[in-house]
Amino acid sequence: MITIQNADLHCHSTVSDGTLSPEALAQRARANGVELWALTDHDEIGGQHRAAAAAKAQGMRYLTGTEISVTFIGHTVHIVGLGFDADDPTLLSGLRQTRGGREERAMEMSEGLAKVGIKGAYEGALKFVGNPELISRTHFARFLVESGVCRETNEVFRKYLTEGKPGFVPHRWASLKDAVSWITGAGGMAVIAHPARYKFTPNEEFALFTEFKALGGQGVEVVTGSHTAAEYAIYAEAAREFGLAASRGSDFHSPDESHTELGTLPFLPANLTSVWERLASRIQ
Ligand code: AMP
Ligand code: MN
Ligand code: MN
Ligand code: MN
């Protein structure tokens with residue numbers, strides 16, 4: 001049996017809202033010592049064959065990946081899928097359906113921004129889009145930085161793109177049930193992404209973990225670029241309590257924007273089952 005420690009199972013390419021190609025990411029991951037990699041573009045698996053081939057060329061193991069946007073009790077939650085068949089027709093059509101409302105949402109976001117004097121945001125964001133079906137808030141953030149409205153993307157989110165702010169448009173994504181069943185139906189494992197990011201009350205968080213588990217979800221991100229060291233410990237405990245496998249991933253998007261580099265986070269805490277142990281037969 002091979003022992004893997006440096007697994008990075010969460011990052012984004014130009015196929016969603018990252019700025020590097022799948023090939024450039026594979027090279028960067030390998031240079032940072034990643035042994036097992038997954039590309040997890042938002043609501044899209046169009047980069048999977050390229051990513052798997054690039055991993056192979058770099059001598060790195062690979063798991064297929066995606067990050068599905070879900071609406072759960074009125075909040076957006078992200079579910080990572082790992083180790084699925086990237087040609088599964090139900091998964092492909094579910095993701096296509098999830099991407100469907102993005103363009104209309106983007107136009108509404110642009111109207112909201114125009115009302116506070118920021119003109120042409122839709123066209124501006126489009127210049128940063130690599131995949132026409134995947135215009136995201138990140139692309140708007142890049143445009144607002146480029147045009148000098150804000151100094152960095154974080155500031156754009158805080159001032160313009162989060163709930164109650166002029167560029168925020170509430171959106172209905174996939175259901176938790178559908179996202180988990182698309183992934184597991186394609187032979188993969190569903191993993192709750194960066195749980196600390198949702199700012200749920202303890203009851204809401206309990207509801208998410210309980211329902212996720214009941215639907216057949218099997219993993220949770222413990223060590224992620226979105227968690228503090230204290231949160232690694234909290235979610236390591238949650239993984240043990242709920243009998244979930246633990247995942248590790250940087251959520252890297254861009255050399256200019258991401259504060260967490262591929263493959264550089266601490267390893268998983270001890271006494272956890274890793275998602276890659278459970279997915280051993282799906283590793284390419
Ligand atoms: P969307 O799927 O269009 O709602 O965009 C969500 C994406 O926005 C996330 O995947 C992150 O890449 C990015 N994002 C969300 N919040 C922030 C933030 N506070 N700072 C920078 N990027 C963010
Ligand atoms: Mn993103
Ligand atoms: Mn996410
Ligand atoms: Mn992500």
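Predicted model: local features only at pLDDT ≥ 70, side-chain atom pairs only at ≥ 80, totals over all residues.

**The surroundings of D43**

Let me begin with the contacts of D43: leaving aside residues up to four places away in sequence, D43 touches T66, E67, I68, S69, L95, T98, R99, R102, L134 and W173, where contact means heavy atoms within 4.5 Å. Residues are numbered from 1 along each chain as its sequence is written, chains are lettered from A and ligands numbered from 1 in the order in which they are written, and side-chain values use heavy atoms, with hydrogens and water left out.

Where does D43 lie? Its place is in the loop between β2 (36–37) and α2 (48–57); helices (H or I, at least four residues) and strands (E, at least two) are DSSP runs, numbered from the N terminus. D43 is buried, at 0% relative accessibility; buried means under 20% relative accessible area, exposed over 50%, and partly exposed in between, with a 1.4 Å probe and protein chains only. The side chain of D43 reaches the backbone nitrogen of S69 at 2.8 Å. Although D43 is not a glycine, it has a positive phi of about 50°.

K199 also has a positive phi, near 55°, and is a residue other than glycine. K199 is found in the loop between β6 and α9, and it counts as exposed, at 68% relative accessibility.

I turn now to the metal ions. Which residues coordinate the manganese ion (ligand 4)? They are H10 (NE2), H12 (NE2), E67 (OE) and D251 (OD), at 2.1 to 2.2 Å. Donors here are N, O and S atoms within 2.8 Å of the metal (3.2 Å for Na, K and Ca); water is not among the atoms, so sites may look incomplete. Along the chain, the donors of ligand 4 follow the spacing H-x1-H-x54-E-x183-D. H10 is buried, with a relative accessible area of 0%, and H12 is likewise buried at 0%. The manganese ion (ligand 4) and the manganese ion (ligand 2) are 4.6 Å apart.

The manganese ion (ligand 3) has E67 (OE), H78 (ND1) and H194 (NE2) as its protein donors, lying 2.1 to 2.2 Å from it. E67 lies in strand β4 and H194 in the loop between β6 (189–192) and α9 (202–214), so this pair ties together parts that are 127 residues apart in sequence. E67 counts as buried at 1% relative accessibility, and H194 counts as buried at 1%. Between the manganese ion (ligand 3) and the manganese ion (ligand 2) the distance is 5.8 Å.

Finally, the lining of the largest pocket. β4 (65–72), β5 (75–82), α4 (102–115), α6 (137–146) and α7 (153–161) each supply at least two residues to that lining. Thank you for your attention.

Key: Polar contact = N/O pair within 3.5 Å; in protein donor to acceptor, adjacent residues only side chain to side chain.
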